[in-house]
Protein chains: 2
Amino acid sequence: MGHGGGGTLSGELVQHVFAPAFGGEHLAALGDSALLDIGGARLAFSTDSFVVRPLFFPGGSIGDLAVNGTVNDLAMSGARPLYLSCGFILEEGVETATVARVAQALGAAARSAGVEVVTGDTKVVEAGHGDGLYINTAGIGVVPTGVDIRPQRAVPGDVVIVSGPVGVHGVAIMSVREGLEFGVEIQSDCASLGGLVQSMLGACQDLHVLRDPTRGGLAAALNEIAQASSVGVVVQERAVPVPPEVANACAILGLDPWYVANEGKLVAFVPRADADAVLAAMHAHPLGAQAAIVGECTDDHPGMVVARTGLGGTRVVDTPLGEQLPRIC
Amino acid sequence: MGHGGGGTLSGELVQHVFAPAFGGEHLAALGDSALLDIGGARLAFSTDSFVVRPLFFPGGSIGDLAVNGTVNDLAMSGARPLYLSCGFILEEGVETATVARVAQALGAAARSAGVEVVTGDTKVVEAGHGDGLYINTAGIGVVPTGVDIRPQRAVPGDVVIVSGPVGVHGVAIMSVREGLEFGVEIQSDCASLGGLVQSMLGACQDLHVLRDPTRGGLAAALNEIAQASSVGVVVQERAVPVPPEVANACAILGLDPWYVANEGKLVAFVPRADADAVLAAMHAHPLGAQAAIVGECTDDHPGMVVARTGLGGTRVVDTPLGEQLPRIC
């Protein structure tokens with residue numbers, strides 16, 4: 001299960017099994033999307049499969065995730081997402097009403113994100129060889145001229161911004177899956193970040209890195225960027241917004257909210273001179289209202305993420321080995 | 001299971017569940033690929049999921065299918081296939097060696113087809129919720145200026161060409177799945193048709209329709225085109241090439257080879273004046289060496305496919321309800 005968690009084990013699978021087999025210059029870049037020049041257009045191209053359990057959860061469904069997961073991967077390269085493909089794998093016996101409800105959620109999420117589902121496929125496997133349904137989406141977006149956002153572009157001095165409170169999606173899933181109640185219902189933050197990114201680009205075209213901290217959470221995203229750019233990252237522990245109900249749930253469950261998946265948040269690495277303008281643009285957008293500066297890049301400890309604790313100490317923030325919660329998206 | 005078979009039940013699922021939920025002008029065209037204008041480029045975009053059982057079979061594997069299935073869908077719009085995405089859903093416990101062997105087959109098939117795998121994703125589901133592994137690929141290709149190939153373009157008078165013997169892939173899968181032996185080993189015809197299509201376009205840019213007769217076989221492909229174009233199709237039964245070992249196996253198994261899936265064949269609807277030139281171009285290509293004219297379009301019985309039997313009779317060739325062999329690709 002750990003190989004699907006977006007941490008070290010997933011990385012090893014890509015590095016040792018898939019990358020050598022597939023080869024190619026584009027795959028080696030290892031961003032959330034591939035960047036392609038086709039007929040004069042600069043395109044971003046990305047894919048994700050979705051196996052979340054349960055299919056419906058507070059704040060969303062596998063249909064919403066299937067749109068927003070891929071749209072957000074495209075947006076993390078600065079692209080304007082345009083088109084999606086959609087492949088369903090249905091387990092024999094899943095009710096048509098369930099499939100229809102998922103398809104309607106998917107269609108509504110696509111319209112809300114401003115993308116069009118243009119091509120699709122359906123396969124059916126025997127009962128016992130699936131889990132209701134799985135979805136794959138792939139997406140195409142257009143990257144504006146002059147925009148160059150990728151995990152390799154962080155430099156010492158960059159300011160690290162998160163777009164809002166972390167850990168919400170994972171705790172929302174966990175609470176329904178395990179039948180836990182925490183006094184208040186925690187809703188997934190599942191959302192399309194395409195509009196927020198366009199707002200940020202309006203304030204600063206030279207954003208260095210964007211990443212949506214999904215599987216592996218904030219900790220995995222920061223470590224990936226620190227390693228790809230060979231910079232150190234220092235995070236002020238108290239600056240990272242964690243909703244109290246998420247903090248409480250994580251305390252009970254023995255989870256660290258920095259490692260819990262998000263589906264409607266992003267991390268931005270921004271030149272220091274532009275940080276205030278970018279933050280203001282984020283605050284003006286509904287999905288960035290609680291955006292906060294949480295840290296900075298340094299040339300100390302390249303490839304490593306360090307947290308400054310409230311008491312003035314420091315601790316290393318490791319890459320997770322797997323995922324604390326399997327099948328989170 | 002029938003809803004995954006590419007026949008009437010699959011069509012109903014698309015028509016009544018997916019199309020109304022997703023909406024959009026591009027999906028309504030219902031070709032093998034969507035055709036998109038992006039930044040001045042004419043792109044084809046398509047997706048397929050692959051759930052074939054077993055993962056390895058004579059003449060190929062799920063990795064070969066995952067490349068060729070999507071590449072062929074792109075080629076059926078006349079596009080030159082360029083880039084693939086690849087999403088793996090792994091079942092907990094599948095051996096890394098199996099995953100690596102599939103990935104290597106997929107990489108080799110991509111190189112052979114002249115496409116690059118540029119982006120990917122891996123998810124893992126618990127043991128008992130998958131069947132080893134499933135793959136989704138999506139592909140992007142470029143459609144040359146002036147090319148307009150789609151299922152709606154067949155007109156009375158068009159000549160119908162198949163690129164070679166039909167029914168081979170399905171029988172190859174069936175023979176290993178059921179442990180049947182027919183004296184000779186029947187190898188899948190799994191292949192990338194991009195090069196063959198480019199050769200055909202060299203002989204005639206105005207190809208009207210191309211279709212790869214996968215799930216549902218030749219019968220489903222001809223019916224889809226007859227219905228999309230509102231033309232009648234008349235097929236000379238004896239002109240359709242069926243290898244003797246496939247005919248024998250089908251006789252034993254109670255299958256009709258016209259309904260059995262192919263993974264390296266195409267059906268072309270070509271203006272009568274260009275038919276000889278297109279056939280000659282096909283014969284000059286290794287994957288079209290056994291191409292044959294099998295019928296023509298008529299304005300009688302629009303939307304219906306009719307076979308002329310060897311004895312001079314006629315019979316209606318129906319759209320299959322589901323698929324004779326589940327999980328064939």
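Biologist: Before we start, where do the domain bounds come from?
Modeller: This is a predicted model. Its domain bounds come from an automatic or database domain assignment.

Biologist: Which domains does the assignment give for chain A?
Modeller: Two stretches of chain A are listed. They are domain 1 (31-142) and domain 2 (151-316).

Biologist: What distance separates the centres of the two domains of chain A?
Modeller: The centres are taken over C-alpha atoms. The two domains also touch, with 21 residues from domain 1 of chain A and 23 residues from domain 2 of chain A in the contact. Between the centres lie 23 Å.

Biologist: Which residues of domain 1 of chain A lose the most area to domain 2 of chain A?
Modeller: The two domains bury about 1800 Å² between them, 60% of it on carbon and sulfur atoms. Three residues of domain 1 together account for 33% of what that side buries. They are A:Pro58, A:Asn72 and A:Met76.

Biologist: How many salt bridges does the rule find across the interface of domain 1 and domain 2 of chain A?
Modeller: Polar contacts are there: seven residue pairs, both residues at pLDDT 80 or more. A salt bridge needs a Lys or Arg side-chain nitrogen within 4 Å of an Asp or Glu carboxyl oxygen. Between these domains the count is zero.

Biologist: Which element gives the largest share of the side of domain 1 of chain A that touches domain 2 of chain A?
Modeller: By class, that side has ten nonpolar, six polar and five charged residues. The largest share is eight residues. They come from helix H3 (residues 62-75) of chain A.

Biologist: Now the two chains. What area do chain A and chain B bury between them?
Modeller: 71 residues of chain A are in contact with 71 residues of chain B. Of the buried area, 67% is on carbon and sulfur atoms. The total is about 5800 Å².

Biologist: Which residue of chain B meets A:Glu126 in a salt bridge?
Modeller: The rule finds eight salt bridges across the interface of chain A and chain B. In the one with A:Glu126, the N to O distance is 2.6 Å. The partner is B:Arg327.

Biologist: Which element gives the largest share of the side of chain A that touches chain B?
Modeller: Across this interface, 18 residue pairs are in polar contact, both residues at pLDDT 80 or more. Elements giving two or more residues to chain A's side include helix H1 (8-22), helix H4 (96-113) and strand S6 (116-125). That side divides into 34 nonpolar, 23 polar and 14 charged residues. The largest share, ten residues, comes from S6(A).

Biologist: Is B:Asp121 buried or exposed?
Modeller: B:Asp121 is found in strand S6 (residues 116-125) of chain B. Beyond four places in sequence, B:Asp121 touches residues of both chains, among them A:Thr47, A:Arg215 and B:Phe88. Its relative accessible area is 8%, under the 20% cut-off, so B:Asp121 is buried.

Biologist: Which backbone nitrogen lies 2.8 Å from a polar atom of the side chain of B:Asp121?
Modeller: Chain A residues touching B:Asp121 include A:Asp48 and A:Ser49. The nitrogen at 2.8 Å belongs to A:Ser49.

Biologist: Which backbone nitrogen does the side chain of B:Ser61 reach?
Modeller: B:Ser61 is found in strand S4 (residues 60-61) of chain B. B:Ser61 is buried, with a relative accessible area of 2%. Leaving aside neighbours within four places in sequence, B:Ser61 is in contact with B:Leu55, B:Phe56 and B:Ala105. At 3.1 Å, its side chain reaches the backbone nitrogen of B:Gly63.

Key:
Residues numbered from 1 in each chain as written. Chains lettered and ligands numbered in written order. Predicted model: local features only at pLDDT ≥ 70, side-chain atom pairs only at ≥ 80, totals over all residues. Heavy atoms only, no water. Contact = heavy atoms within 4.5 Å. Buried area = accessible area lost by both parts, 1.4 Å probe. Polar contact = N/O pair within 3.5 Å; in protein donor to acceptor, adjacent residues only side chain to side chain. Helix = DSSP H or I, 4+ residues; strand = E, 2+ residues; numbered from the N terminus. Nonpolar A, V, L, I, M, F, W, Y, C, P; charged D, E, K, R; others polar. Buried < 20%, exposed > 50% of the residue type's maximum accessible area, 1.4 Å probe, protein only.
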